[in-house]
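Please look over the sequence and the 3D structure below.

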Amino acid sequence: DELRKIDIPRIRFTTSHPRDFDDHLIEVLAKGGNLLDHIHLPVQSGSSAMLKMMARKYDRERYLELVGKIKAAMPNASLTTDIIVGFPNETDEQFEETLSLYREVEFDSAYTFIYSPREGTPAAKMKDNVPMRVKKERLQRLNDLVKEISAKKMKEYEGRTVEVLVEGESKNNPDILAGYTEKSKLVNFKGPKDAIGKIVRVKIEQAKTWSLDGVMAGEAIEVK
């Protein structure tokens, strides 16, 4: 409740280890206000056996139970995640479990990585026994699924008007402004430079896999 009294229009809860994401946190986020319902919840793998080897302190069932609670409390929440492929001893079947979990949750997007040993971690002592060819194949299949679901979710924005916090000029075109929705969707649109740093309403005309294109649909709101 104290956070909602802060005169900041958007507060984004960045990320949490799933084992620390409890019912109280869900309750706090579900109250909304200036707390956004975009949640980054790293899963790393959809296989309970892999999660145990990673010492993640939760299994597939616990993670899916947590996602179910979040979606029940915040039906419109957007979920993003991190996933590693090719962890030592990962089998084809265990990788398939990751794909099936991704389909079940339907994350908005994901940061995906090929496993590589990192000094000082328990995994560094394990034999890196998944061939790089297999790791790359798995990453490609995972990324194809990530793109497919992201494009599907972005398509739902066409025709809608969203509030965008304008961060600056587009990296690809200085005549275009770029900013993010409350659910962290990148939006590109034409608008006056004095809209930078403000929240504006933008009508989405075209959805792409990773971004949205639109037109400004109202006056800019000053961000304090």
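## A starting pair

Lys 203 faces Val 215 of strand 8. The model is predicted. The pair belongs to the contact between strand 7, residues 199-207, and strand 8. These two strands are antiparallel, with 5 bridges between them. A hairpin of 3 residues links strand 7 to strand 8.

## Other pairings

Strand 8 covers residues 211-216. It also pairs with strand 6, here in the parallel sense. Again the count is 5 bridges. Within this pairing, Val 187 sits opposite Leu 212 of strand 8.

Strand 6 spans residues 186-190 and has strand 5, residues 177-180, as an antiparallel partner. The two share 4 bridges. Ala 178 is placed across from Asn 188 of strand 6.

## The barrel

In what order do the strands of the barrel follow one another? The order is 4-5-6-8-7, and these 5 strands close into the barrel. The pairing is mixed. On average, neighbouring strands of this sheet are turned by 50° against each other, with direction ignored.

Strands 5 and 6 run antiparallel. Strands 6 and 8 run parallel. Strands 7 and 8 are antiparallel.

## Whole-chain layout

The protein contains 6 helices and 8 strands. Along the sequence the pattern reads α-α-β-α-α-β-α-β-α-β-β-β-β-β. The pattern ends in a run of β elements.

The C-alpha trace spans about 55 × 40 × 30 Å along its principal axes. Contacts were counted for residues with a separation of 6 or more, and 67% of them join residues 24 or more positions apart.

How much of the protein counts as buried? The share is 44% of its 224 residues. The accessible surface is about 12,200 Å². Carbon and sulfur atoms contribute 50% of that area.

## Recap

Strand 8 has two of the partners listed here: strand 6 in the parallel sense and strand 7 in the antiparallel sense. Both strands belong to the barrel order 4-5-6-8-7.

Definitions and conventions: Residues are numbered from 1 along each chain as its sequence is written. This is a predicted model: local features need pLDDT of at least 70, side-chain atom pairs count only at pLDDT 80 or more; totals for chains, interfaces and linings use all residues. Side-chain values use heavy atoms; hydrogens and water are left out. Buried means under 20% relative accessible area, exposed over 50%, partly exposed in between (1.4 Å probe, protein chains only). Contact means heavy atoms within 4.5 Å. Accessible areas come from the Shrake-Rupley method with a 1.4 Å probe; for residues, only the protein chains shown count as cover. Two strands pair if DSSP finds at least two bridges between them. Axes are lines fitted to C-alpha atoms, for helices over the stretch in contact, and angles run from 0 to 180 degrees between N-to-C directions.
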